[in-house]
Amino acid sequence: MEILGFFVLIFHVSLSLFVLSAQCRLYDYSIYMHHRELSQISIPPSPAPEPATSSESAAVFNVLSYGAVGDGFIDDTQAFKMAWDAACQIESAIFLVPRHYSFMIQSTIFAGPCKNGLIFQIEGSVMPPDGPDSWPRTFSKRQWLVFYRINGMLMQGGGLIDGRGENWWNLPCKPHKGINGTTQPGPCDSPVAIRFFMSSNLTVQGLKIKNSPQFHFRFDSCHAVHVDSLFIKSPSGSPNTDGIHIENTNDVKIYNSIISNGDDCVSIGAGSYNVDIRNITCGPSHGISIGSLGIRNSRACVSNITVTDSVIKHSDNGVRIKTWQGGFGAVSKVTFKNIHMDTVRNPIIIDQYYCNTKSCTNQTSAVYISDIIYANIKGTYDVRSPPIHLGCSDAVPCTNLTLSEVELLPALGQKILDPFCWNAYGDLKRVTIPPVFCLLEGFPESLPSNDFDQC
């Protein structure tokens, strides 16, 4: 009996150990499966960090701390310069223009190079002296705020840049300000509001700017520019108030902005390439333009430009390429796509006879225009001009123009005007409204010798 009891005891112990081992394995398996399930769930990304507002997270250089008054009358230029010089030397610094203040600033150059990660945060209002009579005689009248040799700066904020341009627009030298629409002699320089020169890796976002004396934003000789969510506004009769102008600048993104002014919403000058313009509401204005190019017999090269998913309304032009006679170079690889026109006078226009006076002489050389795509451009046009105008040079024809899904109807009445073509070669991928019968098929037998191959 003792032997039998011993074996029974051994059996119960073994059974208990087996059950305990199985439970441990089951527990380990459940932990493994739990971790396995968790590892298969993507953790949502953290929200984008808000701009730093205190010295705990970043060094903040508030212009008030450097003596700025912010009443809109006292000159705060020196305080801005001192705050800039200090912020420029600190990594990830914030140059702060605080809300609830209005700062009057003279023409100023904010020079770099600066430390990485600089933020120019505009929460209040910034304005120049009010008109040419208030502008110091020793200061340049061609520019107001200039950012020179800056790399990696972010300009943003919920404030306002007020160019106070009305007195500049009314100078007698301005277009249509003289008797019977003429211009008068006299001083005519007017400042660009915000100019970036020889700078790179720039982001400008979320700002409101109005009433610049001339261009609102200008980028000269810059690289890697991202413009997003701007609101730009000036009266439709304000001369030369382009919203955004780029010149000799590449790798540019202009997105999600609303622009209404007295000139081009966006203008692209010589030496610019790799430019992507998307989701722009433009107008009243002069449209979105490449040019003018080739002025005073100059060389101009522009390529790889896209304008997509945008609206142009109540404007003198829609998508435009404009060149002066006598220039040379090339415009190529341009796409205008998914654009809605609302009562636009020249929805699609190439003008190789651009002239802003009445005395331009005919010349034989011209900027060569090729590989231009117009796709899914629809809407209404102002019946004072034909909906499509392809006016190419007598000496240098346009080639490889492609139109697809273009439907343009009169904003008033039912009469559809015929398109105009001159020395324009290309292809209709799909039937257009109105039909573009004037577009020449194929390719010209020869092109004159030109310097466009150097672009």
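## Disulfides

The link of Cys-265 and Cys-282 is right-handed, with 95° about the S-S bond. Cys-265 lies in the loop between strand 18 and strand 19 (266-268) and Cys-282 in strand 20 (residues 273-282), so this pair ties together parts that are 17 residues apart in sequence. The S to S distance is 2.2 Å. Cys-265 is buried, at a relative accessible area of 0%, and Cys-282 is also buried, at 0%. The model is a predicted one, and a search of the whole structure finds 7 disulfides in it.

Another disulfide joins Cys-301 to Cys-455, with S to S 1.9 Å. Its torsion about the S-S bond is about -65°, so this disulfide is left-handed. Cys-301 is placed in strand 22 (residues 299-313) and Cys-455 in the segment after strand 30, so the pair ties together parts that are 154 residues apart in sequence. Cys-301 counts as buried at 16% relative accessibility, because the limit for buried is under 20%. Cys-455 is partly exposed, at 45%. Cys-355 and Cys-360 also form a disulfide, with their sulfur atoms 1.9 Å apart; this link is right-handed, with 85° about the S-S bond. Cys-355 is partly exposed at 26% relative accessibility, and Cys-360 is partly exposed at 35%.

An open sheet of 11 strands has the order 5-8-11-14-17-19-21-23-25-27-29, and its pairing is parallel. Strand 5 (108-111) and strand 29 (420-422) stand at the edges; each has a single partner strand, so one side of each is left without a neighbour in the sheet. On average, neighbouring strands of this sheet are turned by 15° against each other, direction ignored. Helix 2 (residues 77-87) packs on the sheet and touches strand 5 and strand 8 (143-148). The direction of helix 2 makes about 5° with that of strand 5.

Strand 25 (residues 348-351) and strand 27 (residues 388-391) run parallel and are joined by 4 bridges. Asp-351 has Gly-391 in strand 27 as its bridge partner.

## Surroundings of Ala-193

Ala-193 is in strand 11 (residues 192-197). Ala-193 is buried, with a relative accessible area of 1%. Leaving aside neighbours within four places in sequence, Ala-193 is in contact with Trp-144, Leu-145, Ile-209, Ser-212, Phe-215 and His-216. His-216 is 23 residues from Ala-193 in sequence, with a C-alpha to C-alpha separation of 5.1 Å.

## Backbone geometry

The peptide bond from Gly-291 to Ser-292 is cis, with omega near 10°. Ser-292 lies in strand 21 (residues 288-293). A cis peptide bond also joins Ile-433 and Pro-434, with omega about -5°. Pro-434 is in the segment after strand 30 (424-428).

Asn-248 is not a glycine, yet has a positive phi of about 50°. Asn-248 is found in the loop between strand 17 (244-247) and strand 18 (250-260) and counts as partly exposed at 42% relative accessibility. Asn-256 also has a positive phi, near 55°, and is a residue other than glycine. Asn-256 lies in strand 18 and is partly exposed, with a relative accessible area of 36%.

Definitions and conventions:
Residues are numbered from 1 along each chain as its sequence is written. This is a predicted model: local features need pLDDT of at least 70, side-chain atom pairs count only at pLDDT 80 or more; totals for chains, interfaces and linings use all residues. Side-chain values use heavy atoms; hydrogens and water are left out. Two strands pair if DSSP finds at least two bridges between them. Helices (H or I, at least four residues) and strands (E, at least two) are DSSP runs, numbered from the N terminus. Axes are lines fitted to C-alpha atoms, for helices over the stretch in contact, and angles run from 0 to 180 degrees between N-to-C directions. Contact means heavy atoms within 4.5 Å. Buried means under 20% relative accessible area, exposed over 50%, partly exposed in between (1.4 Å probe, protein chains only). A disulfide is a pair of cysteine sulfur atoms within 2.5 Å.
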